[in-house]
Each structure stands twice: as C-alpha cells, then as structure tokens.
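Hello,

Here is the structure I promised to pass on. Please look it over, then read my notes below.

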Amino acid sequence: TGLITVTRDARLDRDTNPESYAIVVNAIDAGFPIPETATTTVHVKIQDINDKPPKFTQQSYTAYVSERSPIDSEVLRVTAKDTDLNSELQYTLVEPITAVTKGGIPLLTTSSYDYRQAFRINRDDGTIYVNNTLNYNYAAVITLTVRATDTMAQLFPDRQFDQTEVTLYIQSFKDTNPLFRNKGWSTVRPKIEVKVKEEAPVGSVVFRIEADDPVSEVPIADYELVMPDVDGMFGLNERTGEVMLLQRLDYETYDKTTIDFVVKAITSNQKRHSLAYVNVTVENVNDNAPIFEKDSYRVTVLESDRHPHTVMTVKATDRDAMRTEKDTLLGYSVIRYSLFGSHSNLFTIDNQTGEIRIAPGQVLDREKQSVLKLIVVAEDAPGRPQDAKKATTEVMVDVLDVNDNAPIFGQRSYTAVIPENVLVDTFVVAITANDPDEGLGGEVRYDILNEGEANGLLQINPTTGEIKTKAMLTGKGRAEPYELVIRAQDSGNQLPKQSSLYNDVSFTLYIGDISANDGIPFFIAPQVGQTANVTENATVGAPVFQVIASDPDSPATPSGTLRYRIQSDIEDAKSFSINAKTGLITTTRSLDRETKSAYNVIIEVSDMGEPPQASTVVLRINVLDIDDHEPRFVREVESQPYELEILEEQPAGTIVGNLSALDEDIGPNGAIDYTIIEGNELGLFNVSRTEENLAIIRTTQPLDRETLESMRLTIRCFKYNTVPSPLMQDSYNRHDRSQQQLLIRVIDIDDHAPRFERENQTIGIRHNVPIDTPIANGRAFDDDPTARPIVYSIQSINFVPQFYRRDNRTEDYADVFSLNPDTAEIRTTRSMSNFVDGYFQLMLRAANSDDAERISETQMKIYVIRDKSLLRFVFSRPPTEVSGVLDRFTMEMQERLAKANLELSVFDAQVLSHPDHSLDFSSTSSCFQLTRHGAALTPVEMMRIMDEAEMKETLADLYHHYSVHKIDSCAVSKKPPATALIASSGTWLVILAGLIGFAAFASTMTACCLAKRYKNQVRSTINSQRIVGSDIYGSATPVLYTEPIYGAL
C-alpha cells in the first residue's frame, strides 16, 4: 500500500534525537524479463510536543548584598533552560524561605523583621531585586527557593518545573569611603555608565564625576584617573571631576563602541577612597551625507519603450557605520531614493534599490523632448527623518528616435503654371516634406503616385522633390489643369523591425496655350516667404536681389515679354529700385540697421500682351548687421554705483546679482563679455556672461560681514571673444561708458555667539566689603552688529570654604550676589564676613538668541580675602589723583603680569595709614591680590614674585610713571612705644600673674610625681575603655584650625 508507519522500537524525541528523517522509498513493478524500478525520498519532520521540564543552569546561587542597597536594585539573575520549542518559563519565589541572624540563629516567621518580603523576582527573566529595606542586625543570611515553571506544558503540566536555592549574604555597611553621586553607581555595583556622542569638540567637558564624603558630608575635590582608557581618549580634571575629550572621537573610524576607565575619589585627609568603573558608550550621529557613485549620469532610452522598462540604476553610499541594533533602527547609512525635476512624472524609482523605470501610462516622445533631465535625491536616516542628510545627482536621459512620424508637406496642395513651349528638363515646382524623425526614419523620398492625363509629361527628383518637364509640352496647353498626386515616403523600412511611413499631396499643373495672352506671369524668385539680405554699410546702387519671373507665353511674343517694377505706394519702396528688364534690385540710399532693420517692397511683373497680365509678390529685405558699435553701460556720467546685496556666509558660487550692457549690434556682433578690473584684489567674486549678454556676479568663497561690510567693484564690458584694449588709467573712469561701478553690501546674519571680554575670571574681594558694592563685571560682546542686546544671568553659585564646618550646614548662595542683566555688573547683596578664606564659583551666561548654540557661558571665581592676606601699592600721590588713574594703572599692570600667568585684582584707593595709625593724606594705598591659574597666592608668594629682579625691571617704568614707591602688607598692626608699655597698670598685672603662675606650676609638678605610680596601674584599663575617634567622627585625625592656605582648593 505504500503506507509509512512508526515502528514499535522507535523513540521519536526531538530534544535528544534528530529533528527530521529522510526515508528512501523504492518502487518495483512485476515486469518481465527485467522489472522496472523508481526511487523517491520522503522527508519526515518531527513536530515538537512540550513534554520536558525546565532545568536551572546552576543547582544553587550565592550573592552578597549590602544592607544599604536601595530598593529595586538588581542582585542577580537566575536562568533556567527548556529544550521545548514553545516553552514559556515563569519564575516565582516559593517556600521554604529562611533567614539566620549574624549569630547563626534561625529567624522565625513571627519575627518583627519580615525577611520573606526582603526580595522579589521578575517573573519573566528571573532577575532578583531588593524589595524591602535590608538589615544585617536582624537577618545576616537569607535563603530563597526559586521555581521555574513551563506555563506552556502539554504533557504532565504539574511536573514541568524545577527549583534552585539562592543564598544571599547581607553585608553590614560601615563604609566611610566616598560615595559617587553619578546615576547607577552603588557600593554593590560601582559602575558609572554614560553616553557620549561622536564628534564632540576636542577639549570639551563631556560629563562630570561627582562624589561626597559620607563622614564630613562635603563634595569630594580630589580625583585620580587610576586606570586610563587604553587609547587616551579622555582626561580627568583631578579637582572638579570633569571628564574632557582629548582626541577626535569618530564612530566610523574608531574600532570600539565602548570605552572603559577607572576613577578614584579621595577624601581630603588622603586616607579614604572609592573607585568608579566608568563605561562610556560612543553614540553614533548622522555626520555623513550620502555620496553618489557619479556626479552625474547619462543614459539612453528608445521613445517606443514603455512601462516597466528599466532605464538605469543609481547608487549612493553612506559612510555612517552600523554596528548596533540602534544604528540599524535609526538607519543613518540606509539610503532612500526619490525623483524630482520637470520630467520626473515620466519615471518611477525604487526608493531602496535606486532602479529607475518608465512610469505606468507614460509615453516618451523624442520629437517633443529629446533630452529629459531628472534629479535623484538620496536621503539617509529613515528612522530619524529630522536628522536626515541628502545628496542629489543629475540624470540626463537621451530619448532615441524610432520611426513614428510620417513626412509632412509644407503645403496642403501645390499649383504650378508653365507654358507649352518650354524645353525638356525645365523646372516646374519644388515640393518639399519634412519628417521630424532622425536617421533613416527622417530621410524623405518623393514619387509621382498618380499622373492622370499628364502621364509621361513630368519627372520628380526622388531626393529633392523638384518636378521638371520630361517631354515637350507642345499641344498640351489648355484652360483646364492637370491633376497629379505626389507621395513623400520615409526610409523607415531600412531599420530593423520598422516600416516606412508616407503622406500624399495633390499637385495642380496649368500648361499655358501660347496662341493667345492667356498666360499669367509667375515668379520663380522670390518664392513666397523668401527674403533678401543687404549689409548696412552697402554703397548706394549696390545689388540686393535678382528677381526672376516667367510667362507661359512665348518670350518671342509681346505676351511673353516681361517688365519689372516696384510699387511706390509704400515708404519702403523709396530705398530701392529695380531694373525693368533684368529685375535686379539695387539700393537708392544708405541703410542703417540700428535705424531700420527690415524693408518690405511689392514687386510687380507684367507682360506686354493685350490685355497685359501681371503678378505681384512681397519681398522682405533684411538689413544685415556689421560690427559698428562698442558695448556700453547705460548710465549717466555722475551716476551712483549699482548696488547689490548678499547675505554673509553663503556658499561659494552664490549669485550676487546681474547687470547688463548695451550693444546696438545684433547676433555675434552684439555679443558682450565682462571682466572685473578694480576692487577684486582678494578674489572674492567672479563674473561670467550668459547667452542673453547678462553679467552674472558670483562669490568664490563665503563672505564674513564682520570682516568685510562692502566691496566696490569696477566692471568693464567689451566685445565677446576679443581682447579688451588697455585702459589709460587703473582706477574707475566715470567718462568711460564701458565701465560700471558696482557696490556689493554684505548683509549680516546672526552667526556669532556672544564672547566674554574676560574668560574664566578670578578676582578677590575683601571680607569687609560693604553690601551693594560693585565688585566685578562679566561683559560680553557680539561680533554681529545687528544682533539683539545681550542679557546676562547667573546660572549657579557654589561656595567652596577653606575649612569644612562640623555642623555640615547647607546654604543657598543665590542671594549672595546680584547681576545687572543689561550691564553685567556684579554687586554684593550680603555680608562677606561669613565666607572669609573661601571662594565662590559663579557660572555666568550671556544670551541674545533663542538658539542654544548662540549662548555663551563662563566661570568666575571670587575669593573672599582678609586684609592680612593682601599686599598694597603705596603711591606718592593723594587719593584724589590716584583714583582717576587707578583703572588705567591696573590695566597696564595686568598686561605686564599676564606674561607670568598672573591675574591682578586691585581694590579701592585709600589714604595711606602708617603702623602707628597716623594718616598721610599726601599718599595713597591700594590693596591688591594676585592669582595664578585660578588659585589665590599667599602674601609670602606675592611678595617673593614682586621682589624678583626681573619683575622689578619689568615694572620699573610703571612704578615711576604712577609714583609707586613701595609694596607692603595691606594689614597695619599698631606698635605702641616701650615707655607706654612699662607705664601702664596692665603691665604690672601681667607681671604679678606671672609670679602666681610660676608658683602654681611648681605645685603641679609635685602632684604629678606623686600620682605617677597610680597612673601606670590604671593606664591599661583606661585604654581598653577608650572610644576611638574614628568611630565617632569617621576619622582618627583631629581637626585643627590653621591659617588659610591659598592655592588650588
């Protein structure tokens, strides 16, 4: 029967045995003497039945969890596998769930701490998360039972599960090391993940590492890059934690998508630290536009081709890389094609392959348009159209001809008159037809299809269509005409798989009888529509045109004798005359084409018969141009320059405008060319001509309005294809009409961001500065003259104290300073006495545009300084004089000190105070502070710098000019005279107190000796009961007050 069945011993298990089998079946007939056979192969595929339980990849799991792990933080992931194809696993926590204390005592379910709810599991992927607050003191070890169940089980669903045990050790948290504030970092998972876009500016800050000291609860200000990335792409500011990009980061050329390095955060006492493993993911941006394989394409197609004929395939490539699933989704390197242009409706393009086909229902006609122009646009990033980049290319389609047009005669019918006495091979008429097809399909051949009663009288030139007499016409003259049919047929049958096309036209022939004057003269030249030409410089009497006429009657009789004349009833006839016998037309006056370019005269020919017969024809006489004019600009001598405008930063090749000159000549004689003879020394512009004699002014590079506001060019016009004659002078000559001045104004656009006059200022203010005192100015300027006014604002204010307070107070510093939004003047709004020896860090913003790229920011450090931390200039001038020149003195000093990387802050001018507190009104003191690289210098360092011989030599002329005769400390301490010290009663009290103190010292030393033995006995007891300082404050190092240390904070 051919029935295939499963054997009893077969074990069809898709999970352990093959998924499919190939069974070879042979069929044998009972033929004689040799049976015939046939063979076939039956492929049997085993369908899966969900009958296998899942299995965990591990029999047990272990993990360590900090008791300070936040809720919803990930602990670990358990994984089970199921060999069934349609399995769907679900993870759950089941009993038993147990816990023990740190002493090893099992916890009861009635315990106040609910350890059963400490963790939860994701039902889909098996990830275990922290579900509740963990407490090491209550539960040190928690053991979970995790079950994986196949919810799609078909056989024995109640048996298709597996269980594993997860032991979680709760770690006691007593860590005083720094804690990173960056998202994702924890003590359990010390990893920081950030994303950085490619092509970020080199040297820019891409992100910032932030950490706090959990003991002092202040920000960490000491970082170290302990394990840099292998390629040195990033650098670390060890004080601020700012991570900077050191090299160009290009997603397409860099062979990695992630960069790893390790940062250490160190406390101020250098005894505690923490590590952060930083993982930087390089994000791809669409920074490459598609590029076509060719700048332009040219292809041919037959006009008979129809849809779906493929014309060609264009291809563009995109250099953007595609490495990740996100890259694939965004499709920065995926290109989509589209068609534009006036002829794009005739074609379609596959938006993915770039294949161009003839559109459905469209017909190509070479006779209407032989060349079709298409614009193909390639656009990338279909997944994010707002970031898409485009490229275009030009496709020129040449439409090749096929024989689809029949010849067309110039007239609907033709008529001719000829006398019966003409000779054989006399010209009768020329019949012409035109075929718009090219090649053989456009070659026309003529034939007399039907001669009628004129059989054998005429012959036709098959190429030109000229009809001439073939035999004598004597006796053929009559009043009734002869009717013939002429055929014009192309040579399309000589083309492969094409046939010839044809048209017929009627021809009426009148043969004149010479026995009476019944023949009407007719013109051989000019024909209807024929024109004559004469040059405008022709002399009077110059020949213009030879008129030729004929008469059917015999020229030997008066009826066949012809006379010519020009009818004089129109004005144009006065300029020409005709020889009555020969028919030669000549001029009677000088002709000027620029005054009149054409004349129409009526020519009459008549015979001498009775009655006379006559015919007329209109001849158009064109006056040909000669090159008798020079090109010139139509302007007045004192006219102003012709003005044009162009926006700045336009690409090279942008058209600025056009102008034109005048040449009364026409055709090639009137062709004008242009050149720039003055004002284009920088080569910013070029000029080109058009077929219409326009001068097109274009840019050769982008123009910057801030560099160049306007340009004055001199354009000269001259004959095309000639070398212009040299000029008498190099500059513009207003009397020379071949020159035209052109004023090009560059229109400003807002393309610059504000720039601060001083970037990253560092200044100092005295701790006793009055409230509402101007202390600094953060002015900025914008190179764009038409830009909006700049608005200033303070984005943030941070205070960094010299010493941290134990009360760990946090304070809002937003109201410490005020900023004038219009002038950028910064004033104090609070007393500075609480901030002495620290500094404020301000982030200033200058904005005059809604565009984020047109906003500038800078940092400013403001040190709050004691008088004893300052030095002062002592001037030998009164304060009234010094106040007027103090700003100029400060500026000139700053210029000299900048060479040594120093920044100077000079405070107000005051009357000089001597150490005895006496005032010298003839002298002035001005306290000052020096900073270097953003850090304030100590008085000792400042005095050492100012006392250096090289520095004194640099500043000597300034000291002399501004009468500075010394530099000393800004703080003045009083030195009372010795006699006053002795005479005061307080002195004697001090002496008496000293004697009493000496006696007390002796008594104390005696008591100490007696108690020495007792102290030795109890010393060990005291040491065992002492509380270590680190347990209280988190650090065994005592905090002592010292004088400020000025430097990098």
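The side chain of aspartate 250 makes a polar contact with the side chain of arginine 248, at 3.2 Å. (A polar contact is a pair of N or O atoms within 3.5 Å; within protein, one must be able to donate a hydrogen and the other to accept it, and residues adjacent in sequence count only if both atoms are side-chain atoms.) This is a predicted model, where local features need pLDDT of at least 70 and side-chain atom pairs count only at pLDDT 80 or more, while totals for chains, interfaces and linings use all residues. Residues are numbered from 1 along each chain as its sequence is written, and side-chain values use heavy atoms, with hydrogens and water left out.

Aspartate 250 sits in the loop between strand 19 (242-245) and strand 20 (258-266). (Helices, H or I of at least four residues, and strands, E of at least two, are DSSP runs numbered from the N terminus.) Is aspartate 250 buried or exposed? Aspartate 250 counts as buried because its relative accessibility is 4%. (Buried means under 20% relative accessible area, exposed over 50%, partly exposed in between, with a 1.4 Å probe and protein chains only.) Leaving aside neighbours within four places in sequence, aspartate 250 is in contact with Glu198, Glu199 and Asp287. (Contact means heavy atoms within 4.5 Å.)

Next, asparagine 237. This residue is in the loop between strand 18 (234-236) and strand 19. Asparagine 237 is partly exposed, at 27% relative accessibility. A polar atom of its side chain lies 3.0 Å from the backbone nitrogen of arginine 239. Not counting residues up to four places away in sequence, asparagine 237 touches Glu242 and Met244.

Last, the structure holds one disulfide. (A disulfide is a pair of cysteine sulfur atoms within 2.5 Å.) Cysteine 927 is joined to cysteine 970, S to S 1.7 Å. Both cysteine 927 and cysteine 970 are buried.

Best wishes
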